[in-house]
Amino acid sequence: MIFCFSGTGNSRYVAQVLACHWNDRVEMIGPVLTDSHPVFTLQPEEKVVWVFPVYSWGVPPVVVEFMRKVTLDVVNGCHHYMVCTCGDDVGLAHRQWRRIVRGRGWSLRGTFSVQMPNTYTLMKGFDVDSPDVVKDKLAVLPSRLDEVIGSIGRGFGGDDVVTGSWAWVKSRIVYPYFVRFCMSPRPFHATGDCIGCGKCVRECPFSNVTMDSCSHPRWGSRCALCLRCYHICPQGAVQYGKSTAGKGQYICPLEK
Ligand SMILES: Cc1cc2nc3c(=O)[nH]c(=O)nc-3n(C[C@H](O)[C@H](O)[C@H](O)COP(=O)(O)O)c2cc1C
């Protein structure tokens, strides 16, 4: 069983590669799963792999919410793994994930980070990677995924993650601040370049974007800040306050 949350397709691609290798199923964490009280039945000894992007050196709040409310039947012999995609490094996100798994009484195994093209553009100094960097990161992806698949196959129980510098400060101080104050959907708006195509509405993983009577997108309060609406807009018309002006867009080119 693979649980996946993904905004711009990096984590979804990773989940698909793992699923393809093990002939496993992928459950996307979306509105149905976070709104209700989902129940999944696992086979004995089944591995449970959690694939998601790191958000501000922590676990995205929608993933935390889902992990806290999901019911997993037949947990005996089932081991949990984390595969966290990131632009650079994950800080101590793996420790946060471990605490949640332990709190649920599930059996813990290994954690992995997988570096992929960056998608965060909402602050000064943050932008998507240059085409060369995207190409370089995607070129080494297959070998990294082979490593992850091999380690999970052997039941690896350690942490194979890039924590980066100042990991404690980033995960323990910046992450809670970010979640509390920097995840509001309110700054999202469409500029005059919007042609009302509705792609942002159709593509939002949480159905949080709707069209008003003038064919203008409006953002509701249920936003994961995954930035899919921003990155997918064919006109570059979705902006976040003034902080995304002139910045690039990225959707995982491998996404199916
Ligand atoms: C809100 C947000 C916060 C992010 N924070 C980090 C971070 O702390 N460290 C990092 O290396 N990448 C960070 N990123 C980049 C993503 O984790 C990375 O690009 C990931 O592969 C995107 O996965 P997805 O395409 O499945 O959404 C962030 C992206 C977003 C949207």
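Two strands are said to pair here if DSSP finds at least two bridges between them, and strands themselves are DSSP runs (E, at least two residues), as helices are runs of H or I of at least four residues, both numbered from the N terminus. The model is predicted, so that local features need pLDDT of at least 70 and side-chain atom pairs count only at pLDDT 80 or more, whereas totals for chains, interfaces and linings use all residues. Residues are numbered from 1 along each chain as its sequence is written.

View 1. Along its principal axes the C-alpha trace spans about 55 × 40 × 35 Å. The radius of gyration of the protein is 18 Å, which agrees with the value near 18 Å for a compact globule of 256 residues; this radius is taken over C-alpha atoms, and the globule rule is 2.2 Å times the number of residues to the power 0.38.

**View 2. Domain 1 (2-180) and domain 2 (188-240).** The bounds come from an automatic or database domain assignment, and the centres of the two domains, taken over C-alpha atoms, are 25 Å apart. Domain 1 and domain 2 each bring 9 residues to the contact, where two residues are in contact if their C-beta atoms, placed from the backbone, lie within 7 Å.

**View 3. The open sheet of 6 strands, in the order β2-β1-β4-β6-β7-β8.** The pairing in this sheet is parallel, and its edge strands, β2 (26-28) and β8 (159-160), each pair on one side only.

**View 4. Strand β6 (residues 79-86) and its two partners, β4 and β7.** Of the 8 residues of β6, 7 are buried, a residue being buried if 20 or more other C-beta atoms, placed from the backbone, lie within 10 Å of its own. Strand β4 (residues 47-53) pairs with β6 in the parallel sense over 7 bridges, and Phe52 has Cys84 in β6 as its bridge partner. Strand β7 (residues 107-115) also pairs with β6 in the parallel sense, over 7 bridges, with Val83 opposite Phe112. Between β6 and β7 the chain passes through helix α4 (residues 93-103) in a right-handed β-α-β crossover, meaning that, with the strands pointing away from the viewer, the path from the first strand over the helix to the second runs clockwise.

**View 5. Phe112 of β7, opposite Asp160 of β8.** Strands β7 and β8 pair in the parallel sense over 2 bridges.

Note on methods:
Buried ≥ 20, exposed ≤ 12 C-beta atoms within 10 Å, placed from the backbone.
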